[in-house]
Amino acid sequence: MAYLLQQLANAVPLAALYGALAFGYAVAFGVTKRADITYGAIFAFSGQILLLFTDLGYNRLWLILPAALALGALFSLIYSMLASVWIGRSIMLPLVRQSSNTVIVAALGITIVLMETARLASDTKSLWLSPFLNSVVVFWNDGAFKVTLTEIQLINTALMCAMIALGVAVMRLTSWGRVWRAVTDDPLAAELCGTSADRVFLVAYAAAALIATACGILATFYYGTMDFGAGLMFGLKVLMVAAVGGYSDPLKSAGGAAGLGVAETMWSAYGPYLWRDLVVFSLLVLLLVLSRRERAIP
């Protein structure tokens with residue numbers, strides 16, 4: 001029983017990460033209407049830039065760890081958002097408007113460029129952060145076994161849940177949320193009503209990229225590193241994870257992704273670890289096939 005409770009506790013941070021990533025992806029998918037693995041690449045790219053500048057601040061500028069982490073987070077935010085805004089305005093928007101199917105090919109190319117840029121900048125070295133906020137918080141203790149989480153896990157979970165809550169508030173309580181829904185339903189009709197569909201596209205893409213960047217920073221804080229190939233893996237995983245709850249509502253997408261995070265943790269705890277990704281992706285494909293609906297994509 002105690003082991004099960006510990007695994008459920010372990011699932012909470014991963015569920016929060018998947019939920020936040022899926023929420024942001026659904027916001028972007030609403031305006032692109034195409035599979036876009038660039039989102040996962042931005043997530044990984046932000047973590048890699050964080051590592052680069054934290055290493056620079058700590059080992060070259062001799063900053064204390066909190067200052068080095070702040071420097072890394074600042075430059076990660078700047079680089080990731082500049083790259084995202086440029087990608088959205090110069091690549092994705094023209095392709096979506098002119099030749100939608102090429103978005104998938106362009107996304108793969110962008111992913112490779114971002115991964116290779118980070119790899120070359122770090123000279124193909126895996127950088128690691130010094131552990132911090134790793135004191136445990138005990139939730140339950142029967143004398144023989146303790147159910148715990150670390151401080152960084154709790155902070156990350158709280159921040160990611162706060163991002164989802166803020167996003168839901170913006171989508172449901174502000175005029176921008178109504179405009180986003182109008183553009184996702186029918187961009188041409190929204191244009192005829194005086195809304196700039198292109199501007200909504202860019203804002204939605206930037207907002208999704210901001211969520212991916214924040215998640216990349218927080219995930220790197222916790223795991224201590226970010227692999228060079230994580231962009232492609234997370235791009236594919238987020239694309240399929242977000243589909244569990246459906247792309248039409250970002251909150252439902254986040255809920256489905258969170259549920260999958262719990263299932264993935266349970267498999268890691270009770271099933272063969274080497275088969276985890278195969279089982280997860282197979283389950284996702286099965287869910288997509290069973291929930292598939294025939295509809296025309298504009």
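User: Where is Leu8 found?
Analyst: Leu8 is found in helix 1. Helices are DSSP runs of H or I with at least four residues, numbered from the N terminus. This is a predicted model: local features need pLDDT of at least 70, side-chain atom pairs count only at pLDDT 80 or more, and totals for chains, interfaces and linings use all residues. Residues are numbered from 1 along each chain as its sequence is written, and side-chain values use heavy atoms, leaving out hydrogens and water.

User: How exposed is Leu8?
Analyst: Leu8 is partly exposed, with a relative accessible area of 37%. Buried means under 20%, exposed over 50%, and partly exposed in between (1.4 Å probe, protein chains only).

User: Now Ile91. Which residues does Ile91 touch?
Analyst: Ile91 touches Trp86, Ala106 and Ile110, not counting residues up to four places away in sequence. Contact means heavy atoms within 4.5 Å. Ile91 is found in helix 3 (residues 65-98).

User: And what separates the C-alpha atoms of Ile91 and Val103?
Analyst: They are separated by 8.5 Å. The two residues are 12 residues apart along the chain.

User: New topic. What pLDDT does the chain average?
Analyst: The chain averages 88, and 95% of the residues score at least 70. pLDDT is the predictor's confidence in each residue, from 0 to 100.

User: Where is confidence lowest and highest, by helix?
Analyst: Confidence is lowest in helix 11 (residues 276-290), at a mean of 76. Confidence is highest in helix 5 (residues 151-173), at 95.

User: Where does pLDDT stay under 50?
Analyst: Over residues 294-298. For these residues the model has 3 contacts beyond four places in sequence.

Note on methods: Helix = DSSP H or I, 4+ residues; strand = E, 2+ residues; numbered from the N terminus.
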